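Good morning, colleagues. Please look at the model now on the screen, and I shall begin with one of its helices.

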Amino acid sequence: MQDEEELEALFGDNRLTYAAAKYIASVCASPVEVVNVLRMVEYVPTDAFVMGHTLGHSHGHRRNNSASSGPAEKEGGSETGDDGDEDADDDAEDMDDELSDGDTEVPPEAYEYTASSGGKDAPPPFSDAELESINEATLLLKNTDAQGYLIRSGRNDEDDPTRPPYEISVEGKSTFQSVFSISNCEAEGFLSLFKGHYLSWLHDLIHTAFLQPTLEQSLNDAFAIADETAPLVHLENPCPPLAMLVASHTISAFILSPLELVRTRLIVQTGNPYHRKYKSNFTFMTLFQIVREEGIGSLYASRRVFATALLCFLQPAFKYAGPVLIHQVGGVDAEFQPLLYRAMELSLGVVELLVVLPVETIVRRLESQVVGRHVRGGSSTTDQVDVGGMGGNSMEAGGGSGEFAGMVRTSAIPYTGMFDCARRIIVEEGVFENEPATGSLDYSDDMGGNRRHPGRGHARTKKSKKPRKKAGWFTPLSGLYRGLRMRIYVNITVTLLRALSADD
């Protein structure tokens, strides 16, 4: 009963003091936890994926239009003559060639003025500012649906005009920058940094003080394993009590996973009162709303049950099996070899992050998506991903009420399971090749001798302050390891504090 011994050593029999200490700790850690959850669930597709998906859809739309208009053009050609149609086709092909070279802007030749027979002088050429406004309007028209409403662009830039005003981005920001962004957001504010902290406190209190010790005692009685008072590292055969300890933690954490589901939803959802899905901050009211809209099975949904169980197992397994491996397998004693022991402890902590962080990212993404009762299962494909969607999880297909609007952008297409989520994060958000910095359009003249349109300003991309994304052996998996550097720093700090306290 390792946890009970630690509690008695710290607080004695006063569980109220323990509960108060856990509550203060949860409040202090809440801002960092909120930023970590937002990092894991934010959907940040790469430029290569967005451009490939957009070009694929545009070519398919063009082929469909040509196929549907083919018979009508033939009938029109028989009445008006084939020569006119051939000229029109040639003009259309020339325009397509101009637009298919990677430019999404209207070429300057489209605005050239032809003088009428009356002998009027041609107007002056467009200025750079006029060209910029015209091209930006053209780009906005490309991002409209059949009714003319703007749809979400594929990029995740903060200056995107189609980004909802209540949505922020923590991608590429440090923890302190993310905290300031949340605090300064009009829809969030300082109190948003403490979303779900009472759920963390309630989860830890029930798990550590009540449920886990009861389960461990029941498992020990069921398998006739004696309760050991000595630490596991000093036992000749620590495997049976270690197995019961890890199993009790796993079962307890899995039973309490609906609390983590509510906590993730409350953290991710926007604080805007007009777009909040869960109006009540009371835990059981939110649980009741989830059950009412998504069914009782949503608390332990099949699409995330394996990932949740795996996460509940890995966390206690590394925590309690790590010291046993260092002491009994590595032969390193913390009392006689403190420096080597702390170094191995830190190395094992890094290995734990490399294993656990991707699973935790997948679990948080599956928890943050809202899927109704009637959504059919199956394997979602990358071609179905709506990179131009609003980035929220709509309940229209599921039969629920309302839409889940997130503080950060989330995937518009629900993940169907653990492996589908991992595959899509790698394909859609992993960097496989170097990507240039994205920025606004620059319509100044190209003075380097590469002027495609003499006498006119040519639209090109202006370099932004955002650094280039360089591909490497680890970058395809970068979407699964957001916040890894900060967690490594935390591990180093905790290891140093433990070493200092042991010396004292």
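In helix α11, a kink of about 35 degrees lies at A321, shortly before the proline P323. The bend at a residue is the angle between axes fitted to the seven residues ending there and the seven starting there. This is a predicted model, in which local features need pLDDT of at least 70, side-chain atom pairs count only at pLDDT 80 or more, and totals for chains, interfaces and linings use all residues. Residues are numbered from 1 along each chain as its sequence is written, and side-chain values use heavy atoms, leaving out hydrogens and water.

How far does α11 reach from its first C-alpha to its last? The span of this helix, residues 302–329, is 37 Å, close to the 40 Å expected for its 28 residues at 1.5 Å a residue; the expected span is 1.5 Å times one less than the number of residues. Just after α11, G331 takes a positive phi of about 70 degrees.

As for the chain, 14 helices and two strands are present; these are DSSP runs, with helices being H or I of at least four residues and strands E of at least two, numbered from the N terminus. Buried residues make up 42% of the 504 residues, where buried means under 20% relative accessible area, exposed over 50%, and partly exposed in between, with a 1.4 Å probe and protein chains only.

Finally, the cysteines. C421 is buried, at 0% relative accessibility, whereas C239 is exposed at 52%. Zero disulfides are found in the whole structure, a disulfide being a pair of cysteine sulfur atoms within 2.5 Å.
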